[in-house]
Amino acid sequence: MARNEFLRPWRRSPLRRRSDVAEGWLVLVTAVLIALGAPAAGLAAANAVDSGTGLERQGRQTVSAVLTENPPPRIGVEVSGGVGSRVHATVRWTAADGTARTGTTTVSPDLRAGDRTTAWLDRHGALIRDPVTPRQATGESIAVGTVAGTSAGLLLLGAQRSGRALLNRHRYAQWEREWAAADPHRGQRAT
């Protein structure tokens, strides 16, 4: 946008209307809100997700567990260190009260029945099937923050476009009134 175009609504001109000034302010306020508000919304959403997964991780504890069956073979593409390199299998562990428990969790596909593995329990002692890794939590925070920031920016841009449409409708109605006052015979057919 050229400097002259940016300053046009605030310059003195016999053709300038209040709606032009209002549109200039609308554009300026929207630009500031998008520049400041959209990133703030993204950061707030990312921090909320991050603190939620932090609380989830805070209550976790590990236990030694034994596989009760061979894990199923891997299906799909292997992702080094990611979810794709782990499979679901049934494990048995001893709870804090001394009772034997079983459940399904993610394990390495290289293990066999009878092998020991580490299982994760929540603060209530229930087995966590797919615990979120710090890397996954970071990726989720970034994704949610990006979506929230982009959505906030698009929402503000949509509000600005709606405001501009209302201002245009007001301008067109004002022009019609002025034309009708200047030329009362406008639009009538000659007989």
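Q: Which residues does Thr 117 touch, not counting residues up to four places away in sequence?
A: Thr 117 touches Val 63, Ser 64, Ala 65, Leu 67, Val 91, Val 107 and Leu 111. These count as contacts because contact means heavy atoms within 4.5 Å. The model is predicted: local features need pLDDT of at least 70 and side-chain atom pairs pLDDT 80 or more, while totals for chains, interfaces and linings use all residues. Residues are numbered from 1 along each chain as its sequence is written, and side-chain values use heavy atoms, without hydrogens or water.

Q: Why is Thr 117 called buried?
A: Thr 117 has a relative accessible area of 13%. Buried means under 20%, exposed over 50%, and partly exposed in between (1.4 Å probe, protein chains only). Thr 117 is therefore buried, and its place is in strand E4.

Q: What makes the strands E3, E2, E1 and E4 an open sheet?
A: The 4 strands stand in the order E3-E2-E1-E4, with antiparallel pairing. The edge strands are E3 (100-107) and E4 (116-121), each of which pairs on one side only. Neighbouring strands of this sheet are turned by 50° against each other on average, direction ignored.

Q: How do you know that E1 and E4 are paired?
A: Strand E1 (residues 61-67) and E4 are joined by 6 bridges and run antiparallel. Two strands pair if DSSP finds at least two bridges between them, so the 6 bridges of E1 and E4 meet that requirement.

Q: Why is Thr 105 called buried?
A: Its relative accessible area is 2%, so Thr 105 falls in the buried class. Thr 105 lies in strand E3. Leaving aside neighbours within four places in sequence, Thr 105 is in contact with Val 87, His 88, Ala 89, Val 91, Leu 127, Ile 128 and Arg 129. Thr 105 and Pro 131 are 26 residues apart in sequence and 8.7 Å apart in space, C-alpha to C-alpha.

Q: What makes the pair Asp 20 and Arg 171 a salt bridge?
A: A salt bridge is a side-chain nitrogen of Lys or Arg within 4 Å of a carboxyl oxygen of Asp or Glu. The side chains of Asp 20 and Arg 171 meet at 2.9 Å, N to O. Asp 20 lies in helix H2 and Arg 171 in helix H3 (residues 134-182), so the pair ties together parts that are 151 residues apart in sequence. Asp 20 is buried at 18%, and Arg 171 is buried at 6%.

Q: What makes Glu 23 a salt-bridge partner of Arg 171?
A: The closest N and O atoms of Glu 23 and Arg 171 are 2.6 Å apart. Glu 23 counts as buried at 15%.

Q: Why is Asp 97 called exposed?
A: The relative accessible area of Asp 97 is 53%, so Asp 97 is exposed. Arg 101 is partly exposed at 33%. Arg 101 forms a salt bridge with Asp 97, the closest N and O atoms being 3.9 Å apart.

Q: Why does Leu 33 count as partly exposed?
A: Leu 33 has 41% relative accessibility, so Leu 33 belongs to the partly exposed class. Leu 33 is found in helix H2 (residues 18-58).

How values were computed:
Helix = DSSP H or I, 4+ residues; strand = E, 2+ residues; numbered from the N terminus. Axes fitted to C-alpha atoms, helices over the stretch in contact; angles between N-to-C directions.
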